[in-house]
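Hi,

Here is the structure I promised to pass on. Have a look, and my notes follow below.

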Amino acid sequence: MMKAYKIKLNPNNKQRTLLERSAGVSRWAYNWALEQKKKRYEETGKTVSQADLRKRLTKLKQTDDYQWLFQFSNNITKQAIKDSDEAFKRFFKGQARYPRFKSKRKSKWSFYNDNHKVKRSDTHIRLEKIGWIRFAETGYLPIEFKPLSYRVSREGLHWFVSITVEIPDSSDYSTPVNEPIGIDLGIKTLATVSDGSVYVNINKKHEVRQMEKRLRRLQRQISRKYKMNKEGSRYRKTCNIIKTEKEIARLQTRLNHIRTNYIHQMTSEIVRTKPSHIVMEDLNVRGMMKNKHLADHIAKCHFREIRRQLTYKANQSGVSLVVADRWYPSSRICCECGVMDKTLKLSDRKMKCECGNRIDRDMNASINLSRLAV
Ligand SMILES: [Zn+2]
């Protein structure tokens, strides 16, 4: 199976410029390839092949105006051409809309390097025509596995490299033996696990709330500044605005990392208990998001990310993940006697059953989930 590691980079100023320019080349090549394809498609209903585009690009590079392309790795343009091809393929299959050009402002800044062009050590990575860049974090990349691809991308103000590696199937892991585990997800408590462990919602922690407060203040500040600096219909970016925007991007990245790290920790801990299988609810995230009072809270919980991580981590350890039906009344059934409590309201935090069972609502739900037959 494949696994991707995303590692933060610590480029110096010169390298940062080269990374930005490489992402620019990738975007340029994507748009250039798309333009050729669109032109042919709109004229004849056919498309141009990748090989054709690569030949055209090689010719273009020989002309004086495009000499600058030699300063960058061939891999960047090659992969961008491939991406534009994929975009058209998805469009032909009806899986995506008609491909659009990438904009500097809206699209993700990223590019690829081929496996055989990249070198890496424990602390550094060498990208073609950019040089050795230091990793900001080290230690958890398995050196023994062979990488398949490298993708470099920018998030907020930071650069990351995603390394995809092939990991042998779970056959060499010991077979899980322990009791099945049920997980109840929620906004009040992020996850209640049937083995008794409880994961609080990290967004309720003081540190995170302070950071969010600061973020909101900066966002208000910036919209005020924009209004003040309005010149006719165009905005003028002052030094202060740029500074505030940087601060906002930095905060957003940090918050995002705090949340994702927390989920990584949680999902790893759950899978590490080696249950025979894991049962979780099928959350109707899109449906819940329609409630505008909850949408923001739900988005911050990253429920989809939890499911994604549980899926791959369970898979890696040979644990099966079962997703319970969306309508299974896990919180209404008493985990002691199995009687359904139809009067239980959403505001009731405790389940009080006629059989005498008193239990936390979420814990009750997680126990019921753990017993769901596979
Ligand atoms: Zn009962």
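A salt bridge here means a side-chain nitrogen of Lys or Arg within 4 Å of a carboxyl oxygen of Asp or Glu. By that rule, the count between domain 1 and domain 2 is zero. Bear in mind that this is a predicted model, where local features need pLDDT of at least 70, side-chain atom pairs count only at pLDDT 80 or more, and totals for chains, interfaces and linings use all residues. Residues are numbered from 1 along each chain as its sequence is written, and side-chain values use heavy atoms, with hydrogens and water left out.

On the domains: the assignment (automatic or from a database) gives domain 1 as 2-166 and domain 2 as 181-324. Their centres, taken over C-alpha atoms, are 28 Å apart. Six residues from each domain take part in the contact (heavy atoms within 4.5 Å). Together the two domains bury about 520 Å², with 69% of that on carbon and sulfur atoms; buried area is the accessible area (1.4 Å probe) that two parts lose on being put together, summed over both. On the domain 1 side, Lys3, Leu157 and His158 supply 65% of the area buried against domain 2, more than any other three residues.

Then there's the zinc ion. Its protein donors (N, O and S atoms within 2.8 Å of the metal, or 3.2 Å for Na, K and Ca; water is not among the atoms, so sites may look incomplete) are the SG atoms of Cys334, Cys337, Cys353 and Cys355, at 2.2 to 2.3 Å. Their spacing along the chain is C-x2-C-x15-C-x1-C. The four donor atoms subtend angles of 105 to 113 degrees around the zinc ion, so the arrangement is tetrahedral (four donors, all angles between 85 and 135 degrees).

Cheers

Terms used. Four donors count as tetrahedral if all angles lie between 85 and 135 degrees; four count as square planar and six as octahedral if opposite donors are over 155 degrees apart and all others between 65 and 115; anything else is irregular.
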